[in-house]
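Dear colleague,

I am passing on a structure that you have not worked with before. Please open it first, and then read the notes that follow it.

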Amino acid sequence: MTKSTFKLDMRSRKEALTSNRPLYFTGKACPRGHIDYRRTQNGECCQCARDRAVAKYYSFSEESKQKTYAWRARNREKYRQYLLSRRERQTLLVKRWRLNNLEKCRAREAKYRANNRELRKAQHKRWRKANVDKARLQVRNRQARRKGGKGKYTLDDIKRLFSAQKGMCAYCRTDLTTRRHVDHIIPLSRGGTNYPANLQLLCPQCNGRKHARDPMDFARKEFGLLL
Ligand SMILES: [Zn+2]
Ligand SMILES: [Zn+2]
């Protein structure tokens, strides 16, 4: 670590306590000569804490280690909960650290993305294959946003719409079980939104005829409906 980064992170314990940081860095050596972060909780030098943990582990006799393993085997669920609680704490610490080092993290993540572009592409392809409906929905919502349509809808919204329309086309009442188009009642091109309230399910034929025409006009001409 360079000196300038050290300076950036330099804080007193008081400061670390008020800004809720798990660690702080004073730049001063601990009583045993380490220059390292200190734990906000108790002011202890991190290198000292690491040394202490290692020494403690080696100080355990073989017998006491076996005792511990036996306890874990007898109390699997308790031990699992303990590990989970540690993991939560660890996640919190990592999250907090990320917030405190946002710029550094973002730069590192961007670099990682750039270095793993192919891998990510392959992962995404696999996900799309396993989640065809969700992937299609993502594309639709993105297209709508590009056309200036506010809002988005989910697969559940479509399910609700389907049962509200009793599985029939909103115009001609054709059964929609096998094929259906999600239609914007007021087209996006005429300022309609992409929220569920502006959606209806149509059969491909009706949707084709309606395409880009004024919905009121269309409904009146085709069906004589007063909307
Ligand atoms: Zn130390
Ligand atoms: Zn229809």
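**His34 and its surroundings**

Leaving aside neighbours within four places in sequence, His34 is in contact with Ala29, Cys45, Gln47 and Cys48, where two residues count as in contact if their C-beta atoms, placed from the backbone, lie within 7 Å. His34 lies in the loop between β1 (23-24) and β2 (38-39), and the C-alpha atoms of His34 and Cys48, 14 residues apart along the chain, are separated by 7.7 Å. His34 is partly exposed, because it has 15 other C-beta atoms within 10 Å; a residue is called buried if 20 or more other C-beta atoms lie within 10 Å of its own, exposed if 12 or fewer, and partly exposed in between.

**How to read the model**

This is a predicted model, in which local features need pLDDT of at least 70 and side-chain atom pairs count only at pLDDT 80 or more, while totals for chains, interfaces and linings use all residues. Residues are numbered from 1 along each chain as its sequence is written, and chains are lettered from A and ligands numbered from 1 in the order in which they are written.

**The protein overall**

The secondary structure comes to eleven helices and four strands, these being DSSP runs numbered from the N terminus (helices H or I, at least four residues; strands E, at least two). Of the 227 residues in the protein, 12% are buried.

**Strands β3 and β4**

Strand β3 (residues 181-184) and β4 run antiparallel and are joined by four bridges, where two strands pair if DSSP finds at least two bridges between them. The bridge partner of Val182 in β4 is Leu201. From strand β4 (residues 199-202), Leu199 and Leu201 point one way and Gln200 and Leu202 the other, and all are buried.

Leu201 and Leu202 also belong to the largest nonpolar core, whose eight residues include Cys169, Tyr171 and Cys206; such a core is a set of buried Ala, Val, Leu, Ile, Met, Phe, Trp, Tyr and Cys residues joined through C-beta atoms within 7 Å.

Val94 is found in helix α5 (residues 76-100) and is exposed, because it has 12 other C-beta atoms within 10 Å. Val94 and Pro22 are 72 residues apart in sequence and 9.8 Å apart in space, C-alpha to C-alpha. Helix α8 (residues 132-146) is followed by Gly148, whose phi is positive, near 90°.

With best regards
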